[in-house]
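Please look over the chain shown below with its core and its aromatic rings in mind. The report that follows takes these topics in turn.

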Amino acid sequence: QVQLVESGGGLVQPGGSLRLSCAASGSIFGLNVMAWYRQAPGKQRELVASITNLRTTNYADSVKGRFTISRGNNVNTVYLQMNSLKPEDTAVYYCNIRWLRNDYWGQGTQVTVSS
């Protein structure tokens, strides 16, 4: 079983930046997609960004040009660099990996953008 642990959330002012990190247990290899989702109160969970094992990326229109998803030298780690944050970005952010027909989820980390 794969376990995911997120970190890096917190309170930040509009226009500020945060970097979220997610570390997966075990060895992740072959075809897989790691992603960040978010869920705000009263809203559906939505895809923010994803990255494949071949480093193909995908972003929600609302975050293009502001957020960057990447994998570190440790390929079991995924990052989300968030710049120019807006109050609308406030949500719980969840790390996800799709691998071997399964979805694995982290516990979520709160991001609050407020002055």
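Leaving aside neighbours within four places in sequence, which residues is Met82 in contact with? With contact meaning heavy atoms within 4.5 Å, Met82 touches Gly16, Ser17, Leu18, Leu20, Arg66, Phe67, Tyr93 and Val111. This is a predicted model, in which local features need pLDDT of at least 70 and side-chain atom pairs count only at pLDDT 80 or more, while totals for chains, interfaces and linings use all residues. Residues are numbered from 1 along each chain as its sequence is written, and side-chain values use heavy atoms, with hydrogens and water left out.

Met82 is also among the residues with the most contacts inside the largest nonpolar core, together with Leu4, Trp36, Leu80 and Tyr93; that core has 31 residues. Such a core is a set of buried (under 20% relative accessible area, 1.4 Å probe, protein chains only) Ala, Val, Leu, Ile, Met, Phe, Trp, Tyr and Cys residues joined through side-chain atoms within 4.5 Å. The largest share of the core, five residues, comes from strand 9, where strands are DSSP runs (E, at least two residues) numbered from the N terminus.

Phe29 and Trp99 form an edge-to-face aromatic pair, 5.4 Å centre to centre with 80° between the planes; rings of Phe, Tyr and Trp (its six-membered ring) pair if their centres lie within 6.5 Å, and planes over 60 degrees apart count as edge-to-face. Phe29 lies in the loop between strand 3 and strand 4 and Trp99 in strand 9, so the pair links parts 70 residues apart in sequence.

Note on methods
Buried < 20%, exposed > 50% of the residue type's maximum accessible area, 1.4 Å probe, protein only. Helix = DSSP H or I, 4+ residues; strand = E, 2+ residues; numbered from the N terminus. Phe/Tyr/Trp six-rings, centres within 6.5 Å; stacked < 30°, edge-to-face > 60°.
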